[in-house]
Amino acid sequence: MDGISEILATYNCVSLDEKIQFELDGVVEKEIKQAYCIENLEFCVSCMDYTTLKVSDTEESVKNFTADLLKKLKKFNLRDVAAVCVFSNYAGIVREGLKGTEIQTAVVAGNFPNSQTFTEIKLAECKMAIGAGAQEVDVVISVGDILEKNYEKVYRELKAIRKVCENVRLKVILETGELKDLESIFNASLIAAYAGADFIKTSTGKVPVNATPESVYVMCEAIRQYYAQTGKRIGLKVAGGVSKAQNAIRYLTIVNHVLGCEWLTPYYFRIGASQLMDDIVKEIKALQMIK
């Protein structure tokens, strides 16, 4: 296989800025209105990585967080979320609490949220999380190396992480708000895809700028072009500041517009959120009243 830089050169993100703005302001806004319905709101719940990543998390609070989720799903007659996402040291607590469900245990690992440590430590944390019961692992790409175009270095590290995570689903967080321009987001998306990521994810939720329609659109475009070249389909996870039902539907609409309905399944589309469910429940009730 050619080096990752040579592979990136075969892709095209020229004039993406203008295309994205035209599409988002025109076509996508109209499609959002049509997509805003009870069925799609319920679907967003099924795509949710229900998340707690607080500095104050403890074994007891995470146990209660998981139990409260199951009660909430039952109370409001909602579909199961896709996963519960926590710090890696709580994987076992979540896996135990989710027994008897199809909900996956997801963790953040690899020195989340900044990815600033030795690769060996990132690998060790991923291994320990998987050993404790993690079924999905979210890691942060080396943002500084993307900005400096050290693409081969980033690719090699992600390949090493992929090898450790060979039996679980791997989500690579691009931290799009720190990448500054669409070309960097596009290239980071492709590097993660070629390194074997099952998902590319927008953000950690721990920086000033997290998921945006523009970043999600360009990630979808990278996934679309990658699928066209390789025939391999990878997923997209939107995370960071997605607390309103309207935002969730907006991102769902962008994915559908760029990638098509084949991506509208929890296997390929996720929303990382901690507060979104309450707003979705409120909006579902409001729409039911209108009916």
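Buried denotes under 20% relative accessible area, exposed over 50%, and partly exposed in between, with a 1.4 Å probe and protein chains only. The model is predicted, with local features needing pLDDT of at least 70 and side-chain atom pairs counting only at pLDDT 80 or more, while totals for chains, interfaces and linings use all residues. Residues are numbered from 1 along each chain as its sequence is written, and side-chain values use heavy atoms, leaving out hydrogens and water.

**View A. Positive phi at N77.** N77 is situated in the loop between α4 (59–75) and β2 (83–87); helices (H or I, at least four residues) and strands (E, at least two) are DSSP runs numbered from the N terminus. Its phi is near 55°, a positive value in a residue other than glycine. N77 counts as exposed because its relative accessibility is 70%.

View B. N111 occurs in the loop between β3 and α6, and its phi is near 60°. N111 counts as partly exposed because its relative accessibility is 26%. P113 belongs to the loop between β3 and α6 (119–132), and the peptide bond joining F112 and P113 is cis, with omega about 5°. Most residues other than glycine have a negative phi, and most peptide bonds are trans.

View C. T105 lies in strand β3 (residues 104–109) and counts as buried because its relative accessibility is 0%. Leaving aside residues up to four places away in sequence, T105 touches V84, A91, V94, R95, L98, G133, A134, Q135 and E136, where contact means heavy atoms within 4.5 Å.
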